[in-house]
Amino acid sequence: MENKTFEIMIFAILIEGIITYTNQFLIQENFCWQMALSLALGIIVAVAYKLDLPSYFNLESDIPYVGCILTGILLSRGSNYLFDMLEKILKLQ
């Protein structure tokens with residue numbers, strides 16, 4: 001039961017980040033290059049260093065690099081965002 005709670009929480013946070021970026025890039029009229037650069041750098045760093053947060057929680061994907069890409073999205077949101085998320089997850093453990 002606890003593992004399912006972590007899975008749901010991790011993916012809810014990931015989906016929120018994806019929706020935020022989608023809203024910024026597709027709906028907003030002003031393109032924010034800082035946000036685009038942050039997203040690109042987060043994904044590049046996560047893929048280059050094989051950072052895969054879902055696999056840390058034993059969530060493996062059949063699609064190569066999807067865990068790294070999702071981790072990169074989290075990294076791009078910034079250290080405060082990521083630290084707060086990890087703190088909440090660890091408190092639930």
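Gly-42 is found in helix H2. Helices here are DSSP runs of H or I, at least four residues long, numbered from the N terminus. This is a predicted model, in which local features need pLDDT of at least 70, side-chain atom pairs count only at pLDDT 80 or more, and totals for chains, interfaces and linings use all residues. Residues are numbered from 1 along each chain as its sequence is written, and side-chain values use heavy atoms, leaving out hydrogens and water.

**Confidence**

- The mean pLDDT of the protein is 82, and 91% of its residues reach 70 or more. The score pLDDT is the predictor's confidence in each residue, from 0 to 100.
- Helix H2 (residues 33-48) has the highest mean pLDDT among the elements, at 91. Helix H5 (residues 79-92) has the lowest, at 71.
- Where pLDDT is low, the predicted coordinates should not be read in detail.

- Gly-42 is buried, with a relative accessible area of 7%. Buried means under 20% relative accessible area, exposed means over 50%, and partly exposed lies in between (1.4 Å probe, protein chains only).
- Gly-42 touches Gly-72, Leu-75 and Ser-76, not counting residues up to four places away in sequence. Contact means heavy atoms within 4.5 Å.
- Gly-42 and Ile-73 are 31 residues apart in sequence. Their C-alpha atoms are 6.0 Å apart in space.
- Helix H4 is mostly covered, with eight of its 11 residues buried. Among them are Gly-67, Cys-68, Leu-70 and Thr-71.

- The structure holds one aromatic pair. Tyr-21 and Phe-25 form this pair, and it is stacked, at 5.9 Å centre to centre with 10° between the planes.
- Rings of Phe, Tyr and Trp (its six-membered ring) pair if their centres lie within 6.5 Å; planes under 30 degrees apart count as stacked, over 60 as edge-to-face and the rest as tilted.
- Both residues lie in helix H1 (residues 2-27), four residues apart, about one turn of the helix.
- Tyr-21 is buried, with a relative accessible area of 6%. Phe-25 is partly exposed, at 25%.
- Arg-77 lies over the face of Tyr-21, at 5.9 Å from the ring centre. A charge sits over a ring if NZ of Lys or CZ of Arg is within 6 Å of the ring centre and within 35 degrees of the ring normal.

**The nonpolar core**

- The largest nonpolar core has 12 residues in all, including Met-9, Tyr-21, Leu-39, Phe-57, Leu-59 and Ile-73. Such a core is a set of buried Ala, Val, Leu, Ile, Met, Phe, Trp, Tyr and Cys residues joined through side-chain atoms within 4.5 Å.
- H1 and H4 are the elements that give two or more residues to this core. H1 gives the most, with five residues.
- Leu-59 is in contact with Glu-7, Ile-10, Phe-11 and Pro-54, leaving aside its neighbours within four places in sequence.

- Gln-24 is found in helix H1. Gln-24 is buried, with a relative accessible area of 16%.
- Gln-24 touches Asn-30, Cys-32 and Met-35, not counting residues up to four places away in sequence.
- Tyr-65 is found in the loop between helix H3 (53-56) and helix H4 (66-76). Tyr-65 is exposed, with a relative accessible area of 52%.
- The C-alpha atoms of Tyr-65 and Asp-52 are separated by 8.2 Å, and the two residues are 13 apart along the chain.
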